[in-house]
Amino acid sequence: MSWGFLRDLLSGVNKYSTGIGRIWVAVVFIFRLLVYIVAAENIWKYEHDEFECNIKQPGCENVCFDHFFPVSHIRLWALQLIMVSTPSLLVVFHVAYRENREKQHNQKLYKSPGEIDGGLLCTYLISLILKTGFEIVFLVLFYKLYNGFEVPRLVKCDIRPCPNTVDCYISKPTEKMIFLYFLVATSCLCIVLNLSELSYLIFKYSIKCYLKRYIKKHQ
Amino acid sequence: MDWGSLQAVLGGVNKHSTSIGKIWLTVLFIFRIMILVVAAERVWGDEQQDFVCNTLQPGCRNVCYDHFFPISHIRLWALQLIFVSTPALLVAMHVAYTRHEKKRRFRNGEKIDIEELKNEKMHIRGPLWWTYTSSIFFRIVFEAVFMYVFYYMYDGYQMPRLVKCNAWPCPNIVDCFVSRPTEKTTFTIFMLAVSGICMMLNLAELCYLVIKICMKASRKTT
C-alpha cells in the first residue's frame with residue numbers, strides 16, 4: 001500500500017480523460033512518480049545522518065538541521081504528487097454517480113456516462129483548475145521555504161545549544177539541486193498541459209454551443 | 001500482510017456504503033494511510049537514532065527517549081487507523097451473513113440468481129441500518145479517543161526541539177534534542193486535521209442516515 005495505490009487511481013482516471021489528459025497522466029507517471037521512487041527518494045534518504053556540523057556539541061546538528069529544513073524537500077515533493085493527483089477523483093466520483101443513477105432508473109439517461117458533457121464537463125474543468133492551483137501553491141511553497149531552488153553546500157548556524165556560529169555542510173547539494181530543478185520543470189510542464197486542456201475544452205464546447213444556437217435560429 | 005490487506009477488506013464494504021461513506025474511505029486511503037506510509041514513516045524513521053542528549057553517561061539517552069516517547073506517534077497512528085477501519089468489518093460480516101442466509105434458502109429450493117447475489121448492492125435498511133449506524137458511531141468514538149490520547153500523552157500537538165531530562169542514570173538535568181521537530185509538528189497537525197475531516201464526514205453520514213429513516217417513518221404514518 002503505497003505509490004501503487006496512486007498508480008491504480010491514475011490509471012482509472014485515464015479512461016475518462018481527453019487526449020491531453022492522458023499525456024498529463026503519462027508525464028506524472030514517468031517523469032514525476034517514477035523519478036521520485038527510483039531516484040529522488042534515495043538521494044534524500046540519509047539527509048539527516050549526512051548533515052555534518054563543525055562542532056562536537058551534542059544537539060547542535062539536530063537543531064541546525066531542523067532550522068534549515070523545516071519540512072524536507074522530499075516530503076513536500078510527495079505531498080505535491082498526492083495533492084495534484086487527487087482532483088481527478090472528482091471526475092471518477094461523478095461518472096460513478098451517473099452510472100448509479102442510470103442503474104437506479106433502469107434507463108439510459110446519458111449518451112455515455114463517461115462522455116465529457118454537461119455536468120461532467122464542469123467537474124472536469126474544476127478538477128483541472130484545482131490541479132493547476134495545487135501545482136502553483138507547492139512551487140511557491142518550495143520557493144518561499146528554501147529561498148529559491150538552490151541547495152547551498154554550506155550553511156552557518158548559531159542557534160542554542162551551538163556555542164557560536166558553526167559551519168554546517170549539507171550532503172549531495174548539487175544532486176539535490178538538479179533534481180529540484182527537474183521537479184520544477186515537470187511541474188511547469190504539467191501546468192502548461194492543464195492550461196492547454198482547459199482552453200481546448202472551453203474552446204470546443206463554446207463552438208459546439210454556438211453552432212447549436214446558430215442551427216436552432218435558422219430552423 | 002500489510003496495509004494492502006486492509007484496503008482489500010474495506011474495498012468490499014465500499015459497495016454497500018453511502019456516498020459520504022465512499023468519500024470517507026477515499027480520504028482514509030489517500031490522506032491518511034498513504035501519507036503515513038510514504039511520508040510520515042520516513043520522518044519518524046530515525047527518531048531514536050538522532051535523539052541526542054548532552055551527556056556521555058551510557059543509558060541516559062535510552063531512558064530519556066523512553067520517558068518522553070512512551071509510544072511513538074507512528075505507532076499510535078497505525079493503531080488509530082486500524083481501530084477506525086475495523087467497525088466497517090461489522091457491516092461486511094452482516095452482509096456476508098445475509099448472503100449466506102439467501103444461499104441457504106436457495107439450497108432449500110427457493111429460486112434465487114446466484115450470480116446476482118454475489119454482486120448485489122445491499123440497501124441500508126432494516127437490521128443493516130442499525131449495523132451501519134453503530135459502525136459509524138464507533139468510528140467517531142475511536143477517532144475522538146485517539147485524538148485525546150495524542151493530546152494527553154504529548155501535552156498538545158507540538159513537538160519540542162529540546163526536552164530536559166533527569167531520569168536515572170542521567171547525572172543531573174540533561175538537555176536532549178529531538179530530531180526534525182518542525183517536520184514532525186507539521187505532520188502531526190496534518191494528521192490531526194485529516195482526523196477532524198474524517199470525523200465531520202462520519203457525523204454528516206450519521207445525521208443523513210437518521211434523517212432519512214425519520215422521513216421514511218413519517219411518510220409511512222401519513
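Colleague: Where does UniProt place the feature "transmembrane region" in chain A?
Modeller: The model is predicted, whereas this assignment comes from an unreviewed UniProt entry. That entry gives the feature at residues 21-39, 77-97, 118-143 and 178-203 of chain A.

Colleague: Over residues 118-143 of chain A, how far apart are the end C-alpha atoms?
Modeller: UniProt lists both 77-97 and 118-143 under "transmembrane region" in chain A. Residues 77-97 are 90% helix and 0% strand, with end C-alpha atoms 32 Å apart. Residues 118-143 are 96% helix and 0% strand. For this span, the distance between the end C-alpha atoms is 38 Å.

Colleague: What percentage of residues 42-75 of chain A is helix?
Modeller: An unreviewed UniProt entry places "domain: Connexin N-terminal" at these residues of chain A. The end C-alpha atoms of the span are 13 Å apart.

Colleague: How far apart do the end C-alpha atoms of residues 42-75 of chain B lie?
Modeller: In chain B, the UniProt annotation "domain: Connexin N-terminal", from an unreviewed entry, covers residues 42-75. This span of chain B is 41% helix and 6% strand. Its end C-alpha atoms are separated by 13 Å.

Colleague: Which helix of chain B gives the most to the nonpolar patch?
Modeller: The patch lies on the surface and consists of B:Val9, B:Leu89, B:Leu90, B:Met93, B:Phe137, B:Phe138, B:Val141 and B:Val145, with about 660 Å² of accessible area together. Helix 5 (87-107) and helix 7 (127-153) of chain B each supply at least two of its residues. With four residues, the leading contributor is helix 7.

Colleague: Which helix gives the most to the lining of the largest pocket?
Modeller: The largest pocket holds about 1700 Å³ of space. Among its 45 lining residues, the closest to the centre are A:Ala96, A:Asn100, B:Asn14, B:Lys22 and B:Lys121. Both chains contribute: helix 1 (3-14) and helix 5 (88-105) of chain A, and helix 1 (3-14), helix 2 (19-43), helix 6 (114-119) and helix 8 (181-221) of chain B, each supply at least two lining residues. With twelve residues, the greatest contribution comes from helix 5 of chain A.

Colleague: How many residues apart in sequence are the parts that A:Lys156 and A:Asp167 tie together?
Modeller: A:Lys156 and A:Asp167 form a salt bridge in which the closest N and O atoms are 2.7 Å apart. A:Lys156 lies in strand 2 (residues 154-157) and A:Asp167 in strand 3 (residues 166-169) of chain A, so the pair links parts whose separation in sequence is eleven residues.

Colleague: Is A:Lys156 buried or exposed?
Modeller: Its salt-bridge partner, A:Asp167, is partly exposed at a relative accessible area of 21%. The limit for the exposed class is over 50% relative accessible area. Because A:Lys156 has 53% relative accessibility, this residue counts as exposed.

Colleague: Is B:Glu143 buried or exposed?
Modeller: B:Glu143 forms a salt bridge with B:Arg32, with 2.7 Å between the closest N and O atoms. B:Glu143 lies in helix 7 and B:Arg32 in helix 2 of chain B, so the pair ties together parts 111 residues apart in sequence. B:Arg32 is buried at 2% relative accessibility. At 0% relative accessibility, B:Glu143 counts as buried.

Colleague: Which residues do salt bridges that share partners join into one network with B:Arg180 and B:Glu183?
Modeller: The structure holds 15 salt bridges over all chains. One of them joins the side chains of B:Arg180 and B:Glu183 at 3.8 Å, N to O. B:Arg180 is buried, with a relative accessible area of 3%, and B:Glu183 is buried at 0%. Through shared partners, the network also takes in A:Glu47, A:Arg75 and B:Asp46.

Colleague: How far apart in space are B:Met199 and B:Arg139, C-alpha to C-alpha?
Modeller: B:Met199 is in helix 8 of chain B and counts as buried at 17% relative accessibility. B:Met199 and B:Arg139 are 60 residues apart in sequence, and their C-alpha separation in space is 8.1 Å.

Conventions:
Residues are numbered from 1 along each chain as its sequence is written. Chains are lettered from A and ligands numbered from 1 in the order in which they are written. This is a predicted model: local features need pLDDT of at least 70, side-chain atom pairs count only at pLDDT 80 or more; totals for chains, interfaces and linings use all residues. Side-chain values use heavy atoms; hydrogens and water are left out. UniProt positions are given in the numbering used here, feature names are shortened, and annotations may be inferred rather than shown by experiment. Patches are made of residues with over 30% relative accessible area and no salt bridge: like charges are joined within 9 Å, nonpolar side chains (Val, Leu, Ile, Met, Phe, Trp, Tyr) within 5 Å. Accessible areas come from the Shrake-Rupley method with a 1.4 Å probe; for residues, only the protein chains shown count as cover. A salt bridge is a side-chain nitrogen of Lys or Arg within 4 Å of a carboxyl oxygen of Asp or Glu. On a 1 Å grid over the protein atoms alone, a cavity is a set of points where a 1.4 Å probe fits but cannot get out, and a pocket is an open set with protein on both sides within 12 Å along at least five of seven lines; lining residues have an atom within 4 Å of a point. Grid points are joined across faces, edges and corners, and a volume is the space filled by probe spheres set on the points. Buried means under 20% relative accessible area, exposed over 50%, partly exposed in between (1.4 Å probe, protein chains only).
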